[in-house]
Amino acid sequence: MPVTDPVLTKRIPTWPWGDPKDRHIVTYDEFTKTGGYQALEKALDMTPAEVVDVVKDSQLRGRGGAGFPCGLKWTFLPEVDGGRRYLAVNCDEAEPGTFKDRLLIDFDPHIILEGIAITCYACHLDTAYFFIRGEYRHQARVVENAITEAYDKGIFGKQGLMCGKSKYAVECYLHRSAGAYICGEETGLLEAIEGKRAWPRIKPPFPAVKGLFGRPTIVNNVETLAAVGPILTNGVQWWTKMGCESSIGAPPSYGPKLMGVSGHVTTPGVFECDLGIPLSKLVNDFAGGMRGGKKFKGAIAGGVSMGILGPDQFDAEMDFDIGRKYDVLGLGTACPTIFDEDTDMVAVARNIARFFKNESCGQCTPCREGTQWIYMLLCRIEKGYATSKDLDLLLEISGSMGIMPGTTICGLADGNNWAVRTIVNKYRDEFEARIRPSSVPVGMTVGAS
Ligand SMILES: Cc1cc2nc3c(=O)[nH]c(=O)nc-3n(C[C@H](O)[C@H](O)[C@H](O)COP(=O)(O)O)c2cc1C
Ligand code: SF4
């Protein structure tokens, strides 16, 4: 599996392509000197529908977690009716272990702004909100400065895109999140931009039809938007040579992907790799191998909500088929957290459950109550107080909440469910070793560490 020449990170010197000491924020001038904003220029020579077709043909899939085809999403917008239409740029990035969007913002914000401008032109969107995670204070300043530069240079603003080359005018605003995981869910994000509590909305209607302030809205992840410019510049054939076809007859996983590796590896970091790279290669060739030469025990697939890859799944290909092939929810953000042989998987499950019960917005009873119960049961199991009935109850609760069983509004509950269920299923012996036989009174721990 060849590693591509960097596409998204080509201006960011980062190991193994350059010395991290050379990193700096790429300014507008530096960006344009290295081919920046040429894709926008090219787009403006095309009709909006032609730009949408290029993105559709590239089969670019969303990089925010769900892998939904980007061009297809754009076609869900209704006809232009003269009213406002919005782009919501999702840079909430609150998924534990995920820090890939941050790399682009830290060092090359204009690659995202160019994608925003092209997307707005292609989809007839007049206003973009760059929604950034509340904790990203420094990054918010970087984006703010880059937006100001883009206005000064005539990219955005009343005169029309690219100093009036197009009459189409786009305004771009930065919006800082108040700070909650649920703000990253697309409809929670829309509520937050509207100044409300980030409670996800029932879908349909989908944002493309009724989004921000009741108007058509496209929600795209930062990395997805950053890919739009390079696709337009270099063409569909160039894009589809990177990444991989599906091995199970599903849609392909084309293009490079930012993969953030954390956990028990020697050199954690964000690496740009072809989709389809085996996890073992990502860890060994890019992240310096397992820390201290320890054995691989498992990995969160791509954000904790995706579930866990077991000890025998180290060679899993990091592409959009991963969910169907390895019993996880999906590729998610493609940012795996690696666990070595010494990791206590019961503690991992309990820690993840704690996150989800804290972050549930509380609208749906199965999620609000279920996440709390799952956490309490895992605490009991970890302490050695639980019986086998508790383990069964844990699996029953986690199987009964989420969009998939159809009991919740959003996917946060599914995330908790998949994380817990896959950890219990793949490391069941560790859970059973903590179980107290019903003949042993509470307080006496059996097999508990
Ligand atoms: C609980 C939850 C949290 C999410 N957090 C994020 C996030 O932080 N960033 C993101 O891009 N997408 C996040 N998503 C996915 C978004 O809802 C949406 O699918 C995505 O922003 C669409 O962009 P894309 O098609 O470019 O991937 C989250 C989804 C859920 C259910
Ligand atoms: S599933 Fe959970 S986080 Fe999502 S809307 Fe319902 S209560 Fe809120």
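Into which domains is the protein divided?

## Model and domains

The protein is divided into domain 1 (20-241), domain 2 (244-340) and domain 3 (345-432); these bounds come from an automatic or database domain assignment. This is a predicted model, in which local features need pLDDT of at least 70 and side-chain atom pairs count only at pLDDT 80 or more, while totals for chains, interfaces and linings use all residues. Residues are numbered from 1 along each chain as its sequence is written, and chains are lettered from A and ligands numbered from 1 in the order in which they are written.

## Domain 1 and domain 2

The C-alpha centres of domain 1 and domain 2 lie 26 Å apart. In domain 1, 18 residues are in contact with 21 residues of domain 2 (contact: C-beta atoms, placed from the backbone, within 7 Å). On the side of domain 1 that touches domain 2, the elements that give two or more residues are helix H5 (100-107), helix H10 (222-234) and helix H11 (236-240). Helices (H or I, at least four residues) and strands (E, at least two) are DSSP runs, numbered from the N terminus.

This side of domain 1 has six nonpolar, seven polar and five charged residues. Ala, Val, Leu, Ile, Met, Phe, Trp, Tyr, Cys and Pro count as nonpolar, Asp, Glu, Lys and Arg as charged, and the others, Gly among them, as polar.

## Ligand 1

There are 23 residues around ligand 1, and Gly 62, Gly 64, Gly 184, Thr 224 and Gly 411 come nearest (a residue is near if its C-beta atom, placed from the backbone, lies within 6 Å). Strand S4 (residues 217-221) gives the largest share of this shell, three residues. By class, the shell has eight nonpolar, nine polar and six charged residues.

Ligand 1 lies between domain 1 and domain 3, because both give residues to its shell.

## Ligand 2

Of the 14 residues around ligand 2, those that come nearest are Cys 361, Cys 364, Cys 367, Thr 408 and Cys 410. Helix H15 (365-383) and helix H17 (412-426) are the elements that give two or more residues to this shell. The shell divides into nine nonpolar residues, four polar and one charged.

## Helices H15 and H16

H15 also packs with helix H16 (residues 388-399), at an angle of about 155° and with the axes 10 Å apart. Axes are lines fitted to C-alpha atoms, for helices over the stretch in contact, and angles run from 0 to 180 degrees between N-to-C directions. The two helices are therefore roughly antiparallel (an angle over 145 degrees).

Among the residues that meet are Trp 373 and Leu 377 in H15 and Leu 391 and Leu 394 in H16. The contact of H15 with H16 has nine nonpolar, two polar and two charged residues.

Conventions: Angles under 35 degrees count as roughly parallel, over 145 as roughly antiparallel, 65 to 115 as roughly perpendicular and the rest as oblique. Two residues are in contact if their C-beta atoms, placed from the backbone, lie within 7 Å.
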